[in-house]
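Biologist: Hello! Could you walk me through this model, one question at a time?

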Amino acid sequence: MRNSVKVAQLDLRTLQIKFPWWALLLATDAVILVLAMLNFDVFAIIVGIVFGAGSSVVMVPFYSNQQRGVDGLLAALPVTRRQVVLGHYLFAVGVQCVIALNLFVVAAIYSFMRPEDLPLSVAAMVALGALTFFLVLVAVPFPFLMRVGYSSATIGIYTGVIVLVVIGLNFLSALGDNFSPSFTFGWVVAGAVALLVGSVPLSLHWYSKREL
């Protein structure tokens, strides 16, 4: 487990931002809340930033690792391939959880400031929905990333997953009149978690077959 944590930390360092990630996060939150205090409609801005960040950070370590030959270096170190795969998952899921939690905190503050625009219950649903979306973005492309690394094919798969998830969300929204929202949403969350868990063995298998 310790080696998997080290791999996750290595992934985090590949983000290559000039400022600590938490400082950048807090600065973004502060700007959004100031705009909200000035009566700007910032909900769309919040969703755009969160989904943009969550969709992009997953691919960054794989791009950086390929450019620097990190996978080959890890193969020469006393780190098993299983630990490498679990470390990548730990990074991706951990980052997505932080982003979703931050979304909930900002949305909750926004809800307190403008409850008529965003009830707290809706803020919680939005944050959980964002996390569900992110889990699918990890679950589907990761086995392919483990098998072939960062490539035009995996970028295409990743983009396709985003498109399909957006279409699926619109489809579920259309079904809202026929099913209870909590019932539908609960099944979506459960499906995303099952998809994530099911992708791990496939990633482990494909990474074990990959030539580094």
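Biologist: Which residues of α8 are buried?

Modeller: This is a predicted model, in which local features need pLDDT of at least 70, side-chain atom pairs count only at pLDDT 80 or more, and totals for chains, interfaces and linings use all residues. Residues are numbered from 1 along each chain as its sequence is written, and side-chain values use heavy atoms, with hydrogens and water left out. Buried means under 20% relative accessible area, exposed over 50% and partly exposed in between, with a 1.4 Å probe and protein chains only. By that cut-off, the buried residues in α8 are P141, F142, P143, L145 and M146.

Biologist: And which residue with a positive phi follows α8?

Modeller: Helices here are DSSP runs of H or I with at least four residues, strands are runs of E with at least two, and both are numbered from the N terminus. After α8 comes a residue with phi near 80 degrees, and that is G149.

Biologist: What does F142 contact, beyond its neighbours within four places in sequence?

Modeller: Contact means heavy atoms within 4.5 Å. With those sequence neighbours set aside, the partners of F142 are V58, F62, H88, Y89, A92 and S203.

Biologist: Which members of the largest nonpolar core touch the most other members?

Modeller: A nonpolar core is a set of buried Ala, Val, Leu, Ile, Met, Phe, Trp, Tyr and Cys residues joined through side-chain atoms within 4.5 Å. The largest one has 47 residues, and those touching the most other members are I46, Y89, L103, F134, V138, F142 and M146. At least two residues of this core come from each of α1, α2, α3, α6, α7, α8, α9 and α10.

Biologist: How are α6 and α7 oriented, parallel or antiparallel?

Modeller: Axes are lines fitted to C-alpha atoms, for helices over the stretch in contact, and angles run from 0 to 180 degrees between N-to-C directions. Angles under 35 degrees count as roughly parallel, over 145 as roughly antiparallel, 65 to 115 as roughly perpendicular and the rest as oblique. For α6 and α7 the angle is about 165 degrees, with the axes 9 Å apart. The pair is therefore roughly antiparallel.

Biologist: How many nonpolar, polar and charged residues make up the contact of α6 with α7?

Modeller: Among the residues that meet are Y89, L103 and F104 in α6 and L131, F134 and V138 in α7. Ala, Val, Leu, Ile, Met, Phe, Trp, Tyr, Cys and Pro count as nonpolar, Asp, Glu, Lys and Arg as charged, and the others, Gly among them, as polar. The contact of α6 with α7 has 20 nonpolar, 2 polar and no charged residues.

Biologist: Now α2 and α6: which term describes their orientation?

Modeller: Their axes lie 11 Å apart at an angle of about 20 degrees. That angle makes α2, relative to α6, roughly parallel.

Biologist: Is L196 buried or exposed?

Modeller: L196 sits in helix α10 and is in contact with Y89, V93, L135, V138 and A139, leaving aside neighbours within four places in sequence. Its relative accessibility is 13%, so L196 counts as buried.
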